[in-house]
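Subject: Structure handover

Hello,

Here is the structure I promised you. Please open it and keep it beside this email as you read.

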Amino acid sequence: MERDRLVLLVDDTPDTLDAFSHFLRAAGWRVETAADGREAVEKARALRPDVIVMDLALPELDGWEATHQIKSDPETRSIPIIAFTGHGFQQSKESARQAGCDAFLTKPLDPAALIAEIHRVVELARQASTLARSGSHYELLLYVSPGSVPSLEARRILEELLAEFDSAQVSFEVREVSADMPKIEADRVGFTPTLLLSREGADPERINGDLSDPEHVGRRLRDAGVPRKK
């Protein structure tokens, strides 16, 4: 029941918070609000909402970074996040996707459309959680170098290949190698692109070979037991 479910609504405009809080409560949802990204991260950890509606242009900590922090935390990464912003450019959508947003909506928006999207992502999250509990979970971690053609190609191939695998049991994360990366992590990578596979949180194993060859990568994932869609 919606009345048992919690929405964390994040926006730095009081009128927007008031208006959409009213519509969501009228639709039966419980609502908590945050006025900046830092508060959003803190409330996500403390309240574990069923869904977060995140404005991207926020003070203190912007919505992209707040989303990244929430999705990087094992305790909160399964919470679906809807980006809700006045920036309708494709670049903004791609940046939101990379940060970890599960959906993207552009202001101004009919409240009914927001409520429908909330229902959709919450149901998808529920299904993913049910399936994850029923089987093993695999984590794929791709290390890339910014602007590197081989890295971009490896990422493209992985994203296309993952369409044939069960997204409820397989998670995929891309990390850029940078100067501020912890030494122990940088030593583990060694070179880019590098693909690591972990099952149920176990120590990751490296997927060797040519990551620009989709047949090779797909075969290695299947050989490792990564579950395909039924």
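Below are the notes on what was found.

This is a predicted model: local features need pLDDT of at least 70, side-chain atom pairs count only at pLDDT 80 or more, and totals for chains, interfaces and linings use all residues. Residues are numbered from 1 along each chain as its sequence is written, and side-chain values use heavy atoms, leaving out hydrogens and water.

**Strand 1**

Start with strand 1, residues 6–10. Helices (H or I, at least four residues) and strands (E, at least two) are DSSP runs, numbered from the N terminus. Five of the five residues of strand 1 are buried, so the strand is largely enclosed by the rest of the structure. Buried means under 20% relative accessible area; exposed means over 50%; partly exposed is in between (1.4 Å probe, protein chains only). In a regular strand the side chains alternate between the two faces of the sheet. Here Leu 6, Leu 8 and Val 10 point one way, while Val 7 and Leu 9 point the other way.

Strand 1 has parallel partners. Two strands pair if DSSP finds at least two bridges between them. Strand 1 pairs with strand 2 over five bridges, in the parallel sense. Leu 8 stands opposite Glu 32 there. The chain goes from strand 1 through helix 1 (residues 14–26) to strand 2, in a right-handed β-α-β crossover. Right-handed means that, with the strands pointing away from the viewer, the path from the first strand over the helix to the second runs clockwise. Strand 3 also runs parallel to strand 1, joined by four bridges. Ile 52 is the bridge partner of Leu 8 in strand 3.

**Asp 36**

Where is Asp 36? It sits in the loop between strand 2 (30–34) and helix 2 (37–47). Its side chain reaches the backbone nitrogen of Arg 38 at 3.1 Å. Asp 36 also touches Val 10, Leu 58, Pro 59, Glu 60 and Leu 61, not counting residues up to four places away in sequence. Contact means heavy atoms within 4.5 Å.

Most residues other than glycine have a negative phi, and most peptide bonds are trans. Arg 48 has a positive phi of about 50°, and is partly exposed at 42% relative accessible area. Glu 60 has a phi near 70°, and counts as exposed at 58%. The peptide bond from Lys 107 to Pro 108 is cis, with omega near -10°. Pro 108 lies in the loop between strand 5 (103–106) and helix 5 (111–133).

Best wishes

Key. Polar contact = N/O pair within 3.5 Å; in protein donor to acceptor, adjacent residues only side chain to side chain.
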